[in-house]
Protein chains: 2
Amino acid sequence: MSFKKQILGLIGWLLASVLVSVIGGLGSLNAPVFYRELNLPSWAPDAWLFGPVWTSLYTLMAIAAWLVWRQGGWENAKRALNLNVAQLAVNALWSWLFFAWYLGGVAFAEIIVLWLLIAATIQAYWKHHKVAAILLLPYLAWVTFAGALNLNLWLNNPGVL
Amino acid sequence: MSFKKQILGLIGWLLASVLVSVIGGLGSLNAPVFYRELNLPSWAPDAWLFGPVWTSLYTLMAIAAWLVWRQGGWENAKRALNLNVAQLAVNALWSWLFFAWYLGGVAFAEIIVLWLLIAATIQAYWKHHKVAAILLLPYLAWVTFAGALNLNLWLNNPGVL
(Lines give C-alpha, C1' and ligand atoms only; values in the text may rest on other atoms or scores of the structure.)
Protein backbone atom coordinates (compact mmCIF):
# COMPACT_ATOMS: atom_id res chain seq x y z
CA MET A 1 0.00 0.00 0.00
CA SER A 2 1.42 3.40 -0.98
CA PHE A 3 2.37 5.92 1.68
CA LYS A 4 -0.23 8.34 0.32
CA LYS A 5 -2.99 5.73 0.53
CA GLN A 6 -1.96 4.91 4.09
CA ILE A 7 -2.20 8.57 5.12
CA LEU A 8 -5.56 8.97 3.40
CA GLY A 9 -6.76 5.83 5.17
CA LEU A 10 -5.71 7.20 8.56
CA ILE A 11 -7.55 10.45 7.82
CA GLY A 12 -10.58 8.42 6.73
CA TRP A 13 -10.72 6.42 9.96
CA LEU A 14 -10.21 9.56 12.04
CA LEU A 15 -13.08 11.20 10.15
CA ALA A 16 -15.26 8.14 10.86
CA SER A 17 -14.57 8.66 14.58
CA VAL A 18 -15.35 12.37 14.27
CA LEU A 19 -18.61 11.53 12.50
CA VAL A 20 -19.63 9.13 15.26
CA SER A 21 -18.77 11.64 17.97
CA VAL A 22 -20.76 14.35 16.14
CA ILE A 23 -23.83 12.09 15.73
CA GLY A 24 -23.56 11.03 19.37
CA GLY A 25 -22.91 14.64 20.37
CA LEU A 26 -26.07 15.84 18.63
CA GLY A 27 -28.01 13.34 20.73
CA SER A 28 -26.43 14.53 23.97
CA LEU A 29 -26.47 18.32 23.61
CA ASN A 30 -28.24 18.55 26.96
CA ALA A 31 -25.87 16.10 28.67
CA PRO A 32 -23.74 18.65 30.60
CA VAL A 33 -26.85 20.04 32.29
CA PHE A 34 -28.89 16.84 32.48
CA TYR A 35 -26.10 14.76 34.02
CA ARG A 36 -25.65 17.12 36.95
CA GLU A 37 -29.38 17.06 37.66
CA LEU A 38 -29.42 13.27 38.03
CA ASN A 39 -29.27 11.37 41.27
CA LEU A 40 -25.63 10.30 40.92
CA PRO A 41 -23.73 7.57 42.83
CA SER A 42 -20.67 8.61 44.82
CA TRP A 43 -18.40 6.98 42.23
CA ALA A 44 -19.86 8.90 39.25
CA PRO A 45 -17.13 10.94 37.51
CA ASP A 46 -17.41 14.70 37.11
CA ALA A 47 -19.16 15.70 33.89
CA TRP A 48 -16.02 17.31 32.42
CA LEU A 49 -14.24 13.93 32.35
CA PHE A 50 -16.41 12.37 29.64
CA GLY A 51 -15.25 14.65 26.82
CA PRO A 52 -11.49 13.96 27.07
CA VAL A 53 -12.10 10.23 27.72
CA TRP A 54 -14.27 9.83 24.62
CA THR A 55 -11.92 11.88 22.45
CA SER A 56 -9.07 9.58 23.51
CA LEU A 57 -11.10 6.43 22.96
CA TYR A 58 -12.35 7.55 19.52
CA THR A 59 -8.75 8.31 18.53
CA LEU A 60 -7.63 4.84 19.68
CA MET A 61 -10.51 3.25 17.71
CA ALA A 62 -9.45 5.11 14.56
CA ILE A 63 -5.80 4.09 14.92
CA ALA A 64 -6.74 0.47 15.65
CA ALA A 65 -9.06 0.26 12.62
CA TRP A 66 -6.37 1.87 10.48
CA LEU A 67 -3.76 -0.69 11.59
CA VAL A 68 -6.08 -3.55 10.63
CA TRP A 69 -7.19 -1.92 7.39
CA ARG A 70 -3.60 -1.07 6.36
CA GLN A 71 -2.63 -4.72 6.17
CA GLY A 72 -4.56 -5.27 2.98
CA GLY A 73 -7.65 -3.10 2.91
CA TRP A 74 -11.26 -4.09 3.52
CA GLU A 75 -11.04 -7.27 1.49
CA ASN A 76 -8.49 -8.77 3.86
CA ALA A 77 -10.33 -7.93 7.07
CA LYS A 78 -13.92 -7.43 6.00
CA ARG A 79 -15.53 -9.05 9.04
CA ALA A 80 -13.29 -7.25 11.56
CA LEU A 81 -13.80 -3.82 9.98
CA ASN A 82 -17.54 -4.31 9.47
CA LEU A 83 -17.82 -5.26 13.14
CA ASN A 84 -15.98 -2.05 13.97
CA VAL A 85 -18.40 0.01 11.88
CA ALA A 86 -21.31 -1.75 13.62
CA GLN A 87 -19.95 -0.98 17.09
CA LEU A 88 -19.41 2.67 16.05
CA ALA A 89 -23.07 2.91 14.97
CA VAL A 90 -24.29 1.35 18.22
CA ASN A 91 -22.00 3.69 20.14
CA ALA A 92 -23.55 6.79 18.51
CA LEU A 93 -27.08 5.49 19.09
CA TRP A 94 -26.48 5.10 22.83
CA SER A 95 -26.18 8.88 23.34
CA TRP A 96 -29.59 9.35 21.74
CA LEU A 97 -31.23 6.62 23.82
CA PHE A 98 -29.91 8.00 27.09
CA PHE A 99 -29.69 11.77 26.66
CA ALA A 100 -32.23 12.57 23.94
CA TRP A 101 -34.98 10.07 24.72
CA TYR A 102 -34.33 9.30 28.43
CA LEU A 103 -34.66 5.58 27.79
CA GLY A 104 -32.39 4.44 30.61
CA GLY A 105 -33.38 0.77 30.43
CA VAL A 106 -33.16 0.54 26.66
CA ALA A 107 -29.80 2.32 26.80
CA PHE A 108 -28.56 -0.24 29.33
CA ALA A 109 -29.67 -3.15 27.12
CA GLU A 110 -28.01 -1.42 24.19
CA ILE A 111 -24.75 -0.94 26.08
CA ILE A 112 -24.62 -4.70 26.62
CA VAL A 113 -24.87 -5.11 22.83
CA LEU A 114 -22.16 -2.47 22.43
CA TRP A 115 -19.94 -4.33 24.90
CA LEU A 116 -20.44 -7.61 23.04
CA LEU A 117 -19.73 -5.95 19.69
CA ILE A 118 -16.52 -4.35 21.00
CA ALA A 119 -15.44 -7.74 22.37
CA ALA A 120 -16.20 -9.34 18.99
CA THR A 121 -14.24 -6.58 17.24
CA ILE A 122 -11.25 -7.11 19.55
CA GLN A 123 -11.39 -10.84 18.91
CA ALA A 124 -11.53 -10.26 15.14
CA TYR A 125 -8.72 -7.66 15.26
CA TRP A 126 -6.53 -10.07 17.23
CA LYS A 127 -6.20 -12.35 14.20
CA HIS A 128 -5.04 -9.44 12.02
CA HIS A 129 -3.05 -7.17 14.29
CA LYS A 130 -2.42 -7.80 17.99
CA VAL A 131 -1.57 -4.16 18.78
CA ALA A 132 -4.85 -3.01 17.21
CA ALA A 133 -6.76 -5.43 19.43
CA ILE A 134 -4.93 -4.18 22.53
CA LEU A 135 -5.66 -0.54 21.62
CA LEU A 136 -9.38 -1.28 22.09
CA LEU A 137 -9.02 -2.67 25.61
CA PRO A 138 -9.31 0.76 27.32
CA TYR A 139 -12.51 1.27 25.33
CA LEU A 140 -13.93 -2.05 26.51
CA ALA A 141 -12.96 -1.19 30.10
CA TRP A 142 -14.63 2.21 29.88
CA VAL A 143 -17.81 0.79 28.39
CA THR A 144 -17.91 -1.73 31.24
CA PHE A 145 -17.76 1.19 33.66
CA ALA A 146 -20.25 3.22 31.60
CA GLY A 147 -22.63 0.25 31.64
CA ALA A 148 -22.47 0.07 35.43
CA LEU A 149 -23.08 3.82 35.62
CA ASN A 150 -25.99 3.59 33.15
CA LEU A 151 -27.58 0.80 35.22
CA ASN A 152 -27.13 2.76 38.45
CA LEU A 153 -28.58 5.95 36.97
CA TRP A 154 -31.53 4.07 35.48
CA LEU A 155 -32.37 2.40 38.80
CA ASN A 156 -31.87 5.54 40.88
CA ASN A 157 -33.68 8.07 38.70
CA PRO A 158 -37.20 6.67 38.27
CA GLY A 159 -39.51 8.95 36.33
CA VAL A 160 -36.51 10.65 34.70
CA LEU A 161 -34.75 7.75 32.97
CA MET B 1 -49.60 20.01 4.34
CA SER B 2 -50.09 19.95 0.55
CA PHE B 3 -51.23 16.79 -1.22
CA LYS B 4 -47.98 16.73 -3.19
CA LYS B 5 -45.87 16.93 -0.04
CA GLN B 6 -47.92 14.15 1.53
CA ILE B 7 -47.33 11.87 -1.47
CA LEU B 8 -43.61 12.70 -1.49
CA GLY B 9 -43.49 11.94 2.22
CA LEU B 10 -45.12 8.55 1.71
CA ILE B 11 -42.61 7.75 -1.03
CA GLY B 12 -39.80 8.90 1.28
CA TRP B 13 -40.87 6.61 4.13
CA LEU B 14 -41.32 3.70 1.74
CA LEU B 15 -37.81 4.33 0.40
CA ALA B 16 -36.48 4.34 3.97
CA SER B 17 -38.01 0.87 4.44
CA VAL B 18 -36.52 -0.29 1.14
CA LEU B 19 -33.11 1.03 2.20
CA VAL B 20 -33.30 -0.84 5.50
CA SER B 21 -34.36 -4.06 3.79
CA VAL B 22 -31.51 -3.69 1.25
CA ILE B 23 -28.89 -3.08 3.98
CA GLY B 24 -30.28 -5.99 5.99
CA GLY B 25 -30.51 -8.06 2.82
CA LEU B 26 -26.84 -7.48 1.99
CA GLY B 27 -25.98 -8.88 5.42
CA SER B 28 -28.11 -11.97 4.89
CA LEU B 29 -27.30 -12.99 1.31
CA ASN B 30 -26.42 -16.46 2.55
CA ALA B 31 -29.57 -16.74 4.72
CA PRO B 32 -31.62 -19.01 2.41
CA VAL B 33 -28.85 -21.63 2.41
CA PHE B 34 -27.54 -21.05 5.95
CA TYR B 35 -30.97 -21.23 7.61
CA ARG B 36 -31.72 -24.66 6.18
CA GLU B 37 -28.38 -25.99 7.42
CA LEU B 38 -29.12 -25.00 11.01
CA ASN B 39 -30.44 -27.30 13.68
CA LEU B 40 -34.01 -25.93 13.65
CA PRO B 41 -36.78 -26.38 16.23
CA SER B 42 -40.02 -28.01 15.07
CA TRP B 43 -41.81 -24.66 15.22
CA ALA B 44 -39.31 -22.85 12.94
CA PRO B 45 -41.07 -21.48 9.84
CA ASP B 46 -40.01 -22.47 6.34
CA ALA B 47 -37.35 -20.16 4.91
CA TRP B 48 -39.67 -18.82 2.18
CA LEU B 49 -41.95 -17.24 4.81
CA PHE B 50 -39.48 -14.60 6.00
CA GLY B 51 -39.43 -12.58 2.76
CA PRO B 52 -43.19 -11.89 2.52
CA VAL B 53 -43.46 -11.30 6.28
CA TRP B 54 -40.67 -8.73 6.28
CA THR B 55 -41.97 -7.01 3.15
CA SER B 56 -45.36 -6.66 4.84
CA LEU B 57 -43.86 -5.41 8.10
CA TYR B 58 -41.59 -2.86 6.36
CA THR B 59 -44.61 -1.57 4.46
CA LEU B 60 -46.60 -1.21 7.68
CA MET B 61 -43.65 0.62 9.29
CA ALA B 62 -43.50 3.06 6.38
CA ILE B 63 -47.24 3.75 6.49
CA ALA B 64 -47.20 4.18 10.27
CA ALA B 65 -44.25 6.61 10.15
CA TRP B 66 -45.96 8.51 7.36
CA LEU B 67 -49.20 8.86 9.37
CA VAL B 68 -47.27 10.32 12.30
CA TRP B 69 -45.07 12.52 10.11
CA ARG B 70 -48.05 13.82 8.12
CA GLN B 71 -49.58 15.45 11.18
CA GLY B 72 -47.03 18.23 11.21
CA GLY B 73 -43.67 16.97 10.00
CA TRP B 74 -40.60 16.09 12.02
CA GLU B 75 -40.86 19.11 14.28
CA ASN B 76 -44.16 17.93 15.71
CA ALA B 77 -43.10 14.33 16.36
CA LYS B 78 -39.32 14.48 16.48
CA ARG B 79 -38.90 11.97 19.30
CA ALA B 80 -41.32 9.43 17.83
CA LEU B 81 -39.82 9.61 14.34
CA ASN B 82 -36.22 9.54 15.58
CA LEU B 83 -37.08 6.45 17.63
CA ASN B 84 -38.47 4.92 14.46
CA VAL B 85 -35.24 5.67 12.56
CA ALA B 86 -33.25 4.16 15.44
CA GLN B 87 -35.29 0.94 15.43
CA LEU B 88 -34.89 0.73 11.62
CA ALA B 89 -31.09 0.96 12.00
CA VAL B 90 -31.05 -1.70 14.73
CA ASN B 91 -33.30 -3.86 12.57
CA ALA B 92 -30.84 -3.73 9.64
CA LEU B 93 -27.88 -4.46 11.91
CA TRP B 94 -29.49 -7.64 13.22
CA SER B 95 -29.21 -9.38 9.83
CA TRP B 96 -25.47 -8.69 9.80
CA LEU B 97 -24.95 -9.95 13.34
CA PHE B 98 -26.79 -13.20 12.73
CA PHE B 99 -26.22 -14.08 9.08
CA ALA B 100 -22.95 -12.34 8.17
CA TRP B 101 -20.99 -12.66 11.42
CA TYR B 102 -22.69 -15.69 13.05
CA LEU B 103 -22.89 -13.85 16.38
CA GLY B 104 -25.98 -15.65 17.67
CA GLY B 105 -25.66 -14.37 21.24
CA VAL B 106 -24.95 -10.78 20.28
CA ALA B 107 -27.85 -10.92 17.82
CA PHE B 108 -30.14 -12.12 20.61
CA ALA B 109 -29.04 -9.27 22.91
CA GLU B 110 -29.55 -6.89 20.02
CA ILE B 111 -33.05 -8.20 19.28
CA ILE B 112 -34.00 -7.35 22.89
CA VAL B 113 -32.86 -3.79 22.20
CA LEU B 114 -34.85 -3.84 18.95
CA TRP B 115 -37.93 -5.07 20.82
CA LEU B 116 -37.57 -2.30 23.41
CA LEU B 117 -37.08 0.33 20.70
CA ILE B 118 -40.16 -0.85 18.80
CA ALA B 119 -42.16 -0.73 22.05
CA ALA B 120 -40.87 2.80 22.71
CA THR B 121 -41.77 3.81 19.14
CA ILE B 122 -45.30 2.41 19.55
CA GLN B 123 -45.68 4.28 22.83
CA ALA B 124 -44.48 7.51 21.21
CA TYR B 125 -46.70 7.00 18.14
CA TRP B 126 -49.73 6.43 20.38
CA LYS B 127 -49.66 10.09 21.48
CA HIS B 128 -49.68 11.28 17.86
CA HIS B 129 -51.76 8.77 15.94
CA LYS B 130 -53.41 5.69 17.46
CA VAL B 131 -53.75 3.85 14.14
CA ALA B 132 -50.04 4.31 13.45
CA ALA B 133 -49.23 2.75 16.82
CA ILE B 134 -51.54 -0.20 16.13
CA LEU B 135 -49.94 -0.76 12.70
CA LEU B 136 -46.67 -1.61 14.47
CA LEU B 137 -48.18 -4.30 16.71
CA PRO B 138 -47.72 -7.12 14.13
CA TYR B 139 -44.06 -6.05 13.90
CA LEU B 140 -43.63 -6.24 17.69
CA ALA B 141 -45.32 -9.66 17.71
CA TRP B 142 -43.07 -10.95 14.94
CA VAL B 143 -39.92 -9.65 16.62
CA THR B 144 -41.02 -11.42 19.82
CA PHE B 145 -41.25 -14.64 17.82
CA ALA B 146 -37.98 -13.90 15.97
CA GLY B 147 -36.28 -13.34 19.33
CA ALA B 148 -37.44 -16.74 20.59
CA LEU B 149 -36.21 -18.34 17.35
CA ASN B 150 -32.87 -16.51 17.59
CA LEU B 151 -32.40 -17.74 21.17
CA ASN B 152 -33.30 -21.30 20.22
CA LEU B 153 -30.95 -21.31 17.20
CA TRP B 154 -28.13 -19.82 19.25
CA LEU B 155 -28.50 -22.46 21.99
CA ASN B 156 -28.93 -25.38 19.61
CA ASN B 157 -26.19 -24.57 17.10
CA PRO B 158 -23.00 -24.34 19.15
CA GLY B 159 -19.89 -23.77 17.08
CA VAL B 160 -22.01 -22.32 14.27
CA LEU B 161 -23.75 -19.40 15.97
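**Figure 1. B:Asn152 is a buried residue, with a relative accessible area of 17%.** Here buried stands for under 20% relative accessible area, exposed for over 50%, and partly exposed for what lies in between, with a 1.4 Å probe and protein chains only. The residue belongs to helix H8 of chain B, which covers residues 137-156; helices (H or I, at least four residues) are DSSP runs, numbered from the N terminus. When its neighbours within four places in sequence are set aside, B:Asn152 is in contact with B:Pro41 and B:Trp43, where contact means heavy atoms within 4.5 Å. The model is predicted, and local features need pLDDT of at least 70, side-chain atom pairs count only at pLDDT 80 or more, and totals for chains, interfaces and linings use all residues. Residues are numbered from 1 along each chain as its sequence is written, chains are lettered from A and ligands numbered from 1 in the order in which they are written, and side-chain values use heavy atoms, with hydrogens and water left out.

**Figure 2. B:Thr144 also lies in helix H8 of chain B.** With a relative accessible area of 43%, B:Thr144 is partly exposed.

**Figure 3. The chain A interface with chain B joins 17 residues of chain A to 17 residues of chain B.** About 1500 Å² is buried between the two chains, and carbon and sulfur atoms give 83% of that area; buried area is the accessible area (1.4 Å probe) that two parts lose on being put together, summed over both. A:Arg79, A:Trp101 and A:Val113 supply 34% of what chain A buries against chain B, which is more than any other three residues supply. Helix H5 (78-100) and helix H6 (104-128) of chain A each supply at least two residues of the side that touches chain B, and H5 of chain A gives the most, with 8 residues. Sorted by class, the side of chain A that touches chain B has 14 nonpolar, 1 polar and 2 charged residues, where Ala, Val, Leu, Ile, Met, Phe, Trp, Tyr, Cys and Pro count as nonpolar, Asp, Glu, Lys and Arg as charged, and the others, Gly among them, as polar.

Figure 4. A rotation of 180° with 0.0 Å of shift along its axis superposes chain A on chain B, with an RMSD of 0.0 Å, the copies being superposed by least squares on the C-alpha atoms of residues with pLDDT of at least 70 in both. That is the relation of a two-fold axis. The same surface serves both copies, since 100% of the contact residues of chain A recur in chain B.

**Figure 5. The side chains of A:Glu75 and A:Lys78 meet in a salt bridge, at 3.7 Å from N to O.** A:Glu75 counts as exposed at 64% relative accessibility, whereas A:Lys78 counts as partly exposed at 42%. In chain B, B:Glu75 forms a salt bridge with B:Lys78, and the closest N and O atoms are 3.7 Å apart. Over all chains, the structure holds 2 salt bridges.

**Figure 6. A:Tyr102 has a positive phi, near 55°, in a residue other than glycine.** Most residues other than glycine have a negative phi. A:Tyr102 lies in the loop between H5 and H6 of chain A, and at 34% relative accessibility it counts as partly exposed. In chain B, phi of B:Tyr102 is near 55°, and B:Tyr102 is found in the loop between helix H5 (78-100) and helix H6 (104-128).

**Figure 7. A:Asn84 is buried in helix H5 of chain A.** Its relative accessible area is 1%, and a polar contact of 3.0 Å joins its side chain to that of A:Gln87. Leaving aside neighbours within four places in sequence, A:Asn84 is in contact with A:Trp13, A:Ala65, A:Thr121 and A:Tyr125.

Notes
A salt bridge is a side-chain nitrogen of Lys or Arg within 4 Å of a carboxyl oxygen of Asp or Glu. A polar contact is a pair of N or O atoms within 3.5 Å; within protein, one must be able to donate a hydrogen and the other to accept it, and residues adjacent in sequence count only if both atoms are side-chain atoms.
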